[in-house]
Amino acid sequence: MAEPVHADETLLKTPLHAEHVAVGARMVPFAGYDMPVQYPTGILTEHNWTREHAGLFDVSHMGQALLIAEDKSHETVARALETLIPADILNLKPGQQRYSQLLDDKGGILDDLMVSRSADEGDSGRLMLVVNASMKDADYAHIQAHLPNGVTLKRLDDRALIALQGPKAVEVMAKLAPETAGMTFMAARTMKVAGLDCHVSRSGYTGEDGFEISVPADKAAELWRAILADSEVKPIGLGARDSLRLEAGLCLYGHDIDPTTSPIEAGLIWSIQKRRREEGGFPGAARIQQEIKDGPSRVRVGLKPEGRAPAREGAIIATPDGREVGIVTSGGFGPTVNGPVAMGYVSRDVSSVGTDLHLVVRGKPMPAKVAAMPFAPHRYKR
Amino acid sequence: MTTRYTKDHEYIRLEGDTGIVGISDYAQAQLGDVVYVELPSIGKSLAKGAEAAVVESVKAASEIYAPVSGEVVEVNGELEATPGTVNEDPAGRGWFLKLKVKDASELDALMTEEQYQEFVKSIS
């Protein structure tokens with residue numbers, strides 16, 4: 001058995017670090033931060049609790065930033081960002097959020113991110129970005145290097161980010177911020193939550209209904225405690241966050257998507273709106289438009305092993321007659337599915353749902369089938 | 001009854017010339033929820049330190065090594081359906097396999113209960 005990893009003094013701490021330590025969370029290094037991988041009840045219990053009640057996640061390690069047009073014009077800031085991402089930001093309505101990807105010149109994914117447009121008129125010409133913790137410095141440098149005059153990037157390092165996820169999330173939130181009950185999936189608003197100034201979106205990374213709440217760092221612990229005071233809410237670590245997003249079929253940057261994968265191969269075409277597909281004007285547009293037209297040579301698929309053994313990242317995917325056709329990019333045990341689940345890239349000719357494949361686990365071919373994702377149904381508030 | 005421990009947190013409990021192999025309570029707590037156990041086939045000969053089984057938690061797979069050399073004479077098939085038994089009762093119902101011990105003197109190099117508890121204290 002491997003030795004446990006000990007906390008490193010040089011790791012960064014989120015504003016909620018002391019809250020996790022106080023309740024006995026197991027802390028591990030993640031993207032340069034000392035983060036809770038699980039609380040004493042363990043990953044299975046946390047996963048199931050989130051699916052049945054509401055789970056509270058500290059995701060303050062993620063990068064929050066504002067993109068600001070000096071002329072306060074939405075068009076100015078939207079056009080600037082559209083040179084870097086394939087989503088339609090120009091037509092993003094006030095109070096809406098969209099998922100997208102920063103692309104390199106070959107259409108490879110540099111990072112994935114959330115972009116929201118404020119509902120407040122006074123905030124015109126501003127977009128809020130949320131990027132991955134491990135990529136934030138690189139993302140900010142990349143964005144800054146490509147911004148036109150008159151558009152600036154402002155890091156919001158003084159803010160924490162808290163996610164409340166699960167079927168009871170809305171009930172819990174409505175007690176602290178009644179306005180949240182009327183929001184639909186991917187809506188975003190500034191509002192008071194438990195009396196604190198927050199930016200709230202109805203979104204998340206679990207497949208469940210829920211919210212992500214951006215709050216000033218010095219108020220984060222107060223908000224964390226106010227939400228946790230509800231008996232429907234328990235804190236959830238990164239371990240369950242990973243099993244929840246895997247069952248939801250959501251990509252993890254650096255694993256399921258990276259500069260070697262395009263959004264089309266990754267099955268993220270839904271995040272490229274019609275106008276952008278037609279007009280292009282984003283990095284790697286030629287390749288992406290070609291892949292939309294002809295189909296990519298390989299695609300990300302869900303994989304359901306037929307036995308009980310989990311197939312993890314790096315497992316080779318082969319046909320039953322031994323032809324190597326791909327690789328697993330995420331895999332493990334799905335507590336809601338009550339069995340192993342995985343995703344990976346395979347040649348398009350073996351990508352239809354129901355195709356029999358083998359996943360090579362510890363040198364042994366294990367039968368599996370291409371499966372529709374999500375593995376656990378999404379329960380977003382549409 | 002003699003129980004000995006390895007630095008990799010396996011235990012072996014000797015009953016006659018058969019050793020029952022599992023993982024320590026410390027090990028199961030470090031692993032977290034066990035969701036799958038891969039056991040060796042009966043009759044397999046294992047050298048001391050060879051991979052004997054694989055235990056998987058939600059997060060990762062870990063190898064279980066043979067504490068001493070021997071032949072696998074029985075495996076705990078119940079773990080297939082209820083792998084969580086490893087967490088609930090690692091020293092009892094959560095055992096992995098039984099080895100017919102080849103050379104009992106190999107046990108002398110392993111830690112006693114007391115030594116193991118000291119070892120766990122020193123690393124945690």
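In this predicted model, A:Leu268 sits against A:Tyr99, A:Gln101, A:Ile109, A:Cys251, A:Ile257, A:Pro263 and A:Arg300, leaving aside residues up to four places away in sequence; contact here means heavy atoms within 4.5 Å. A:Leu268 is also one of the residues touching the most other members of the largest nonpolar core, a group that includes A:Ile257, A:Leu303 and A:Leu359. That core has 55 residues, a core being buried Ala, Val, Leu, Ile, Met, Phe, Trp, Tyr and Cys residues joined through side-chain atoms within 4.5 Å, with buried meaning under 20% relative accessible area (1.4 Å probe, protein chains only). Domain 1 (1-292) and domain 2 (297-382) of chain A both contribute residues, so the core lies between them; the bounds come from an automatic or database domain assignment. Another core, of 28 residues, lies apart from it, with A:Ala160 and A:Val233 among its members.

Turning to the interface, 27 residues from chain B meet 21 residues from chain A. Together the two chains bury about 2,000 Å² (accessible area lost on being put together, 1.4 Å probe, summed over both), 51% of it on carbon and sulfur atoms. Four salt bridges cross the interface, counted when a side-chain nitrogen of Lys or Arg is within 4 Å of a carboxyl oxygen of Asp or Glu. A:Lys364 and B:Glu38 form a salt bridge at 3.0 Å, N to O.

Residues are numbered from 1 along each chain as its sequence is written, and chains are lettered from A in the order in which they are written. Local features need pLDDT of at least 70, side-chain atom pairs count only at pLDDT 80 or more, and totals for chains, interfaces and linings use all residues, while side-chain values use heavy atoms, without hydrogens and water.

Notes. Buried means under 20% relative accessible area, exposed over 50%, partly exposed in between (1.4 Å probe, protein chains only).
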